[in-house]
Amino acid sequence: MATSALRLENVDAFYGDSHVLQNVSFELGEARMLGLLGRNGAGKSTCMNVGMGLLSARRGEVSVFGEPVTKLSPEMIAARGVALVPQGRRIFRSLTVRENLIVAARKPDAGSKHAPWTIDTVFAMFPRLKERSNQMAAHLSGGEQQMLAIGRALMGNPRVLLMDEPSEGLAPQIVAEVMTTIRKLKESGLSIVLVEQNPNLVFDVADDIVILNTGGVAVVSTPAALRQDDALLRQHLGVF
Amino acid sequence: MNFWIVLTVNSITFGGLLFLLASGFSLIFGLMRIPNLTHGSLFMLGAYVGGSIVIGLFGFKLNFWLAAVLASLTVAALGALIERFLLRQLPGDQLAQVLVTLGISFMAADFCLMVWGGDPMSVATPEGLGGFARAGGAVFPLYRLAIIAIAVVVAVALWLLLDRTRLGAMIRAGVDDPDMARVVGIRVSQLFTIVFALGAGLAAFAGIIGGPILSVYPGLDQDMLPLALLVVIIGGAGSLLGSFVGSILVGFIYNFGQALLPELAYFVLFLPMLLVLLLRPQGLFGRHVP
């Protein structure tokens, strides 16, 4: 694997007294996509929250391109090039579409290999957002809100993109659109962690797979290997 | 007829003054969920500091407007310190915030009594605004009309700041979802300090601007704080339009209540608050906060 874009090493995390992540370790390679799978409550979103600094790891280390970020605040981690597309979208409902994008704007890092994301390039990727640029975000459909959440994350010109169940609650046609977008982002060289409940969506796009089970890493593998192992998928995901 | 016209102008003037006071209070509560009970004290401190500069109590004299700016900046800095070093330590704990801000307001009242004594301080009307304007048979003090104009200018400036700038959008994003605002890189803690300082500065500005019509006296803080609370409850926390409409409403109810039903002035004043709390707890223009 090339340089590690994001690494969680022996991470333990708690919600109050509840020990939700136990000794979790995995890494996302640069310009690769890691699919993070698991049943409800397995700890997938908690991993995203730890990676983004919304929840502090009580033990272990989180690093971004080799730089420790374990104790940093979300805004400091964002400044290091990590962006989150959160579960449930969590767009700023009382802001317009355009405002949602401009508040998240951050200049790309010096020496960045990627073309910078601007409001124009985000609108080019999501023309429907351009049409609704002056509408309140609360009035968008679920699919449009998801596009806005992705666009908002891209406005931070991230090096690492964390996507927490981007297909949740969307119609199949919209899910297909969102997955096309994710594929484009991967092809652009972005390092991505994709959290999903549905393994088939992830197998189509991810390079590597980590399956969590009850707060710990159960499987580290690849889509090709896992497609051949129905028993393993049944054991950890209850599917196939 | 003149009586009604003058009473109306006085109500709008007082509403304008209340807007300067309550808009900051509303913003602080809307963004930071901090019920800042020092807000009346910040108003009074602004009046005392500004008034002292106007009459040369600190060994130097400035004209009214420069004194108002200096007093506002001083109190804004004090507000920033209160937020950074006290309220920052109590995130999300509204009971503790109420007790701390109430405690600071008592300390501020004692401090003012010690420094300025118990006698009211008169603040002269700024130069050029001591006269009257006549319209029909009615006579209006120019200064009261100036307060209305200042309130409108401040309201427009705040609206432009909040609705037309990136900083304003960031503030509103922080109100919407503070955690997500941090995730997209917004330094919410810095925004909190800026908003608290802005609110404190506006309260102080209202204090000195109100000096020539209210004068400055011990207890001014306790007279003004309930009115600011009233505006925010009626208008809705965090809503600039709510603050504006609430201020004008309270201005009218306060003045007309005192003129027409002096025995029931406070009953008339607080009845709308009771109704709003019962029927629309988030206020006329506020958003429901779960």
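In the predicted model, chain A and chain B bury about 1700 Å² between them, 59% of which is given by carbon and sulfur atoms; buried area here is the accessible area (1.4 Å probe) lost by two parts on being put together, summed over both. On the side of chain A, the greatest losses of area to chain B fall on A:Glu75, A:Phe92 and A:Val103, which together account for 35% of what that side buries. Contact, defined as heavy atoms within 4.5 Å, links 19 residues of chain A with 18 residues of chain B.

Local features require pLDDT of at least 70 and side-chain atom pairs count only at pLDDT 80 or more, whereas totals for chains, interfaces and linings use all residues. Side-chain values use heavy atoms, without hydrogens and water, and residues are numbered from 1 along each chain as its sequence is written, with chains lettered from A in the order in which they are written.

Across this interface, 3 salt bridges are found, the criterion being a side-chain nitrogen of Lys or Arg within 4 Å of a carboxyl oxygen of Asp or Glu. In the salt bridge of A:Arg90 with B:Asp177, the closest N and O atoms are 3.0 Å apart. Two helices of chain A, α2 (74–79) and α3 (97–102), each supply at least two residues of the side that touches chain B; helices are DSSP runs of H or I with at least four residues, and strands are E runs with at least two, numbered from the N terminus. The largest share of that side, 3 residues, comes from α2(A). By class, the side of chain A that touches chain B comprises 12 nonpolar, 2 polar and 5 charged residues, where Ala, Val, Leu, Ile, Met, Phe, Trp, Tyr, Cys and Pro count as nonpolar, Asp, Glu, Lys and Arg as charged, and the others, Gly among them, as polar.

Chain A also contains an open sheet of 4 strands in the order β2-β1-β4-β5, with antiparallel pairing; pairing requires at least two DSSP bridges between two strands. Strands β2 (18–29) and β5 (67–68) of chain A stand at the edges with a single partner strand each, so one side of each lacks a neighbour in the sheet. Strand β1 (residues 4–15) of chain A is joined to the antiparallel β4 (residues 59–64) of chain A by 5 bridges, and A:Leu8 has A:Val62 in β4(A) as its bridge partner.

Helix α1 (residues 44–52) of chain A is mostly covered, with 8 of its 9 residues buried, that is, under 20% relative accessible area (1.4 Å probe, protein chains only). A:Gly53, which follows α1(A), has a positive phi near 85°.

Technical notes. Buried means under 20% relative accessible area, exposed over 50%, partly exposed in between (1.4 Å probe, protein chains only).
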